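Biologist: I'd like to learn how to read a model like this one. Can we walk through it together?

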Amino acid sequence: KHGLPTYSRDQVVKHTSKQSGGIWVVYNQGIYDITEFVENHPGGADRIMLAAGNTIQPFWNIYSQHKEEWVYETLEELRVGNLSAQDAAYFREHAPHYSDPYAKEPKRDPTLLVRSEQPFTAEPPLDILAQQMVTPTDLFYKRNHLPVPSPTETDPSAYKVTLSVEGQTNGISIALSDLKKLPKHSVMSAVQCGGNRRDEFSTVKQVKGGHWDAGAISNAVWSGALLIDVLESIGVSPSDPDIKHVEFIGLDKDPTTGVTYAASVPVEMALDPKSQVLLAYEMNDEELPRDHGFPLRAVVPGVVGARNVKWLSQIKFSHGECDSHWQQSDYKSFSPSVDWSNVDYSKAPAIQEMPVTSTVCSPLHGASIDASAQSVTVRGYAYSGGGRGIIRVDVSADGGKTWHDATLQTPPDQKRNQVYGWTLWEVTLPLPTQADAPGDIEIVCKAVDSQYNVQPETLDSIWNIRGLLNNSWHRITIHRGA
Ligand code: MTE
Ligand code: MO
């Protein structure tokens, strides 16, 4: 960047607040004024402030989500000056050092499509995902915001969870071994990330967030103790009308700030027996794997993935909602007209129950079929939050002009309004003739849930800055061979 002034190291280190002339950070030889950006930092204001008046490089090394084109572009727009080569070297050499918090991550199945290595985020290929009702644990999508807690921290023989009620108890600790003595309850529940299908949004306008195709959802049978049974066993009943939320706090920590992952759900939902909120220690009849919260996680059926807190260490019944970044300043959606300059996170409620959605999983987008084929068999999943089952999936092979009912495989033994597993579907579609559709064929699906909620047709009508809740009609294109 030519034409910008050169500032000295001494000048940079003084720029740590609005009052001191703005908040500056260093990246290589550039100096950037992030004063206005701080509040919009997707990772939270407190974290980016750790780099105020200093280099951001050690943080970016830990948080690899920064290694993206748009991040560098956003930064470059904020450039206000340059450092001499000598001062840039000084910042680099004196950068705070963090020991690698990812040194003890578990092994993962190579079939997964990795979206981020650190923290680990990956989804299964769609055609494999829709092959079975219960997703094999190794292929279940994985979404970590932070390093996986170490085996020492999660030693099951010493593991306990602390439960407290605001204004009542100081916290009661329950050993994992005691939780296992309570009746074991199992529930089939899909877990879906609020950002599932985020990448499609970028065809409308750039969104901020990690990459996701449509595989940020999987279906498992979770087993453990029901939250309501745990409360009863220790004689706690949060009947105080001021208690409005249940906070779940994880053990996984931000290596730079020490802040732990946490989220909350409304108390009346969590204490409704129909919700079947679970402190789960098993997944698909085996002990939870490390990536999915070993040895204990909260499972909140029908609710966005973010509230299904892994490595569960504390449960708090509180007057207020959880004040974590993930509850307050992430996992909320806005109108397509809201952008980073005018977004007010306090104006939108945190996402809880998920809207109705469906995806074509097979064939894969871009696949080729035989030139002479007269039909194609299409498979996928459909899901709705809040216990609403799927009653119909419409599939089209002509871009949405004519529709065919898919055959549904609904989750077994789930009661009305307690349908927490996903639905798989399959349909064989007659193909339009070569004359009608000479080249590509557009396959579209849309689902209807038990309350007759439908999916929005277009992507641009639900576009939002963080690329959340994409439940628009799912469209893929396949090619007819020559
Ligand atoms: N719990 C903890 N402690 N830490 C996390 O990073 N990620 C959340 C949720 N629970 C997370 C967490 C998010 S955003 C999602 S989508 C789901 O876990 C993913 O669950 P999975 O990795 O078991 O698929
Ligand atoms: Mo998520």
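**Around the ligand**

Modeller: Let's start at ligand 1: strand E8 (142-143) and strand E13 (245-253) each contribute at least two residues to its shell. Helices (H or I, at least four residues) and strands (E, at least two) are DSSP runs, numbered from the N terminus. This is a predicted model, where local features need pLDDT of at least 70, side-chain atom pairs count only at pLDDT 80 or more, and totals for chains, interfaces and linings use all residues. Residues are numbered from 1 along each chain as its sequence is written, while chains are lettered from A and ligands numbered from 1 in the order in which they are written.

Biologist: Which residues come nearest to ligand 1?

Modeller: A residue is near a molecule if its C-beta atom, placed from the backbone, lies within 6 Å of it. Here, of the 20 residues around ligand 1, the nearest are His 145, Cys 193, Gly 250, Tyr 261 and Gly 305.

Biologist: How do the shell residues around ligand 1 divide by class?

Modeller: Ala, Val, Leu, Ile, Met, Phe, Trp, Tyr, Cys and Pro count as nonpolar, Asp, Glu, Lys and Arg as charged, and the others, Gly among them, as polar. By that scheme the shell has nine nonpolar, six polar and five charged residues.

Biologist: Stepping back, into which domains is the protein chain divided?

Modeller: Domain bounds come from an automatic or database domain assignment. You get domain 1 (9-93), domain 2 (113-347) and domain 3 (357-480). For residues 4-84, an unreviewed UniProt entry lists "domain: Cytochrome b5 heme-binding"; UniProt positions are given in the numbering used here, feature names are shortened, and annotations may be inferred rather than shown by experiment. That stretch is 32% helix and 22% strand, with its end C-alpha atoms 12 Å apart.

Biologist: How many residues of domain 1 are in contact with domain 2?

Modeller: Two residues are in contact if their C-beta atoms, placed from the backbone, lie within 7 Å. On that test, 11 residues of domain 1 meet 12 residues of domain 2. On the domain 1 side, helix H2 (45-49) and helix H3 (57-62) each supply at least two residues. That side has five nonpolar, four polar and two charged residues. The C-alpha centres of domain 1 and domain 2 are 32 Å apart.

Biologist: Where is Tyr 102 found?

Modeller: Tyr 102 sits in the loop between helix H5 (85-93) and strand E6 (113-116). Leaving out residues up to four places away in sequence, Tyr 102 touches Gln 118 and Pro 147. From Gln 118 to Pro 119 the peptide bond is cis, with omega near -5°.

Biologist: And why does Tyr 102 count as partly exposed?

Modeller: A residue is buried if 20 or more other C-beta atoms lie within 10 Å of its own, exposed if 12 or fewer, and partly exposed in between, with C-beta atoms placed from the backbone. Tyr 102 counts as partly exposed because it has 16 C-beta neighbours inside 10 Å. Over the protein chain, buried residues make up 42% of the 482 residues.

Biologist: Which value of phi does Tyr 452 have?

Modeller: A positive one, about 60°, although Tyr 452 is not a glycine. You'll find Tyr 452 in the loop between strand E26 (440-449) and strand E27 (474-480). Tyr 452 counts as exposed because it has 10 C-beta neighbours inside 10 Å. Asn 417 is also not a glycine and has a positive phi of about 65°; with 13 C-beta neighbours inside 10 Å, Asn 417 counts as partly exposed.
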